[in-house]
Amino acid sequence: MAQFEGVSQMSAVHPKPVGLVLQYGTAGFRTNSKQLDHVMFRMGLLATLRSKKTKATIGVMVTASHNPEEDNGVKLVDPMGEMVTPAWEGYATQLANAEQEGLLTALKDVIEREAISIAQEASVFVGKDTRPSSESLSQAVLDGVHALESHSKDYGLVTTPQLHYMVCCQNTQGRYGDATVKGYYQKLSQAFIQLTKNVPNRTDDQKALLVDGANGIGALKVCEMETYLKKELQLSVFNDGSSGKLNHRCGADYVKVQQRAPTGVEMSAGERCWSYDGDADRIVYYYSDSAGRFHLLDGDKIATLISTYLKELLTQAGLDLQIAVVQTAYANGSSTHYLEDTMKVIVRCTKTGVKHLHHAAQEFDIGVYFEANGHGTVLFSIEAEEKIQQLAQDSNTNDKRKNTALLLQNTVNLINQTVGDAISDMLLIEAVLAIRGMTVQQWDAIYTDLPNRQLKVKVADRRVIDTTDAERRTVGPAGLQEAIDIPVNKHRQARSFVRPSGTEDVVRVYAEADTQESADALAHEVSLAVYRLAGGVGEEPKPL
């Protein structure tokens, strides 16, 4: 077939290093950028097939998120802006690892298995982050699309959530919004301005924020957006990419793990600051108090603020909608207790990985999900959106209920429901703080995190660890769960779990307890148990 001749010719321009094996992980392929040229070309081919199969536009984002600048990666975006379906993750791995001479066979295998009509039109949207390697790697994706004689649109430099948004806009014929970067800014900024316009006397201090752009795409895009916000927020952007390296001593992941402010951000006491990651799909807030102590408000605090606000609005509007918060085992125990015991909100726990949280959130009228690392969003069911809209338009409703419904409607418009979106999340948090008249310190004081510690133990083979109960208990190797339970029972308010890394031969250990000393001791005892029972390599873990 003529189309496959094009694939053979172009594939020779993007040859695969012999013997290189890569795995499609929780967020696509991610490794040193020098190993990815052939992968990008083949993801262009796969996205084209996925588009033919779904008769819809598919997205391909070239990014490695919070990884170092020399890495890169790729994320595939399905028709409604969600992550690509698991069966196709398998195809992605199969295509990426096919040796050069076996590529056409692998491609035809996908076409046959999925009964794809090769004559079907296809459309692929491509975006990239600011890494030096992203330019040539996104071109390799486009080459893959063009090798199958299909239509592409190159959005150039965009955040990952912006590309997800464009794909959803395109496939809903504009019902979700206009599939342009300008359309994205307009939808979000108008919703933000509508939400905050009735807030009495917001001072300039309340509008001012410090932003750590991780020297990445988020810095560029939030600066572009600022003009649309009409001075309703005043942003001071640090780590804007003009001098520092991407994610180096800055960004959401650095701040979360190191529990300290990023390089280059000078904070005054009580000033609100936040950090994006390299592709702007995660956000964490932080501030320093008058004694100079650092305070982090991570995904758990964000989920609590947002779900509390939404629950209050639903009560005021008299809307009977079920709201739930979806967490992982990494969520701080204090946040879970507060949500369940004080707020009386349903809490669901899932395995780690955004796709698991997103899926669980779809089961409720309103599902709020945030990983502790700051990646998350809010999902509204079609029924929930319709009920909110009906109430906002109902001429028989009293003013208070109607105004509340309008607040809910603008809140829905402010949220990027396709994926965690740091820019959208930031605007939502700022709107909620303004509407509720809260300072960052008052938000932080909703509950106090239990002290915790995360460690890694190197093992010969991470697959020996087998977990159940959303990764909170181990079922293998034999004896490990008992060896975790014994030290947990010695400490107060204690909990600990272990899980294999998704990318390397390490086992991740999480422990929390009533004091930092106890959490550290517990993490060490559990690390020793993992080392001894799960095939630890190198030196035995030392006490902290």
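**Testing the words**

Tutor: Let us start with Thr 328, which sits in strand E11, a strand made of residues 323–328, and let us keep in mind that this is a predicted model.

Student: Why is Thr 328 called buried?

Tutor: The word buried is kept for residues under 20% relative accessible area, and Thr 328 has a relative accessible area of 5%, so Thr 328 is buried. Leaving aside its neighbours within four places in sequence, Thr 328 is in contact with Cys 349, Thr 350, Lys 351, Thr 352, Leu 357 and Glu 371.

Student: Is Gly 502 buried or exposed, and how do you know?

Tutor: A residue must be over 50% to count as exposed, and Gly 502 has 59% relative accessibility, so Gly 502 is exposed.

Student: What makes Thr 160 buried?

Tutor: Thr 160, which is found in helix H6, residues 160–171, has a relative accessible area of 1%, and because the limit is under 20%, Thr 160 counts as buried. Not counting residues up to four places away in sequence, Thr 160 touches Met 61, Thr 63, Lys 75, Asp 279 and Asp 281. Thr 160 and Gly 278 are 118 residues apart in sequence, yet 9.4 Å apart in space, C-alpha to C-alpha.

Student: Why are helices H15 and H16 called roughly antiparallel?

Tutor: The axes of H15 (residues 399–414) and H16 (residues 422–436) come within 9 Å and cross at roughly 155°. Angles over 145 degrees count as roughly antiparallel, and therefore H15 and H16 are roughly antiparallel to each other. On the H15 side the contact is made by Leu 407, Thr 411 and Leu 414, and on the H16 side by Ser 424, Leu 427, Leu 428, Ala 431 and Ile 435.

Student: How many residues of that contact are nonpolar, polar or charged?

Tutor: The residues of the contact of H15 with H16 divide into 6 nonpolar and 2 polar, with no charged residue.

Student: Into which domains is the chain divided?

Tutor: The chain is divided into domain 1 (2–157), domain 2 (183–296), domain 3 (299–444) and domain 4 (452–533). The centres of domain 2 and domain 4, taken over C-alpha atoms, are separated by 34 Å.

Methods:
Residues are numbered from 1 along each chain as its sequence is written. This is a predicted model: local features need pLDDT of at least 70, side-chain atom pairs count only at pLDDT 80 or more; totals for chains, interfaces and linings use all residues. Side-chain values use heavy atoms; hydrogens and water are left out. Axes are lines fitted to C-alpha atoms, for helices over the stretch in contact, and angles run from 0 to 180 degrees between N-to-C directions. Helices (H or I, at least four residues) and strands (E, at least two) are DSSP runs, numbered from the N terminus. Angles under 35 degrees count as roughly parallel, over 145 as roughly antiparallel, 65 to 115 as roughly perpendicular and the rest as oblique. Contact means heavy atoms within 4.5 Å. Ala, Val, Leu, Ile, Met, Phe, Trp, Tyr, Cys and Pro count as nonpolar, Asp, Glu, Lys and Arg as charged, and the others, Gly among them, as polar. Domain bounds come from an automatic or database domain assignment. Buried means under 20% relative accessible area, exposed over 50%, partly exposed in between (1.4 Å probe, protein chains only).
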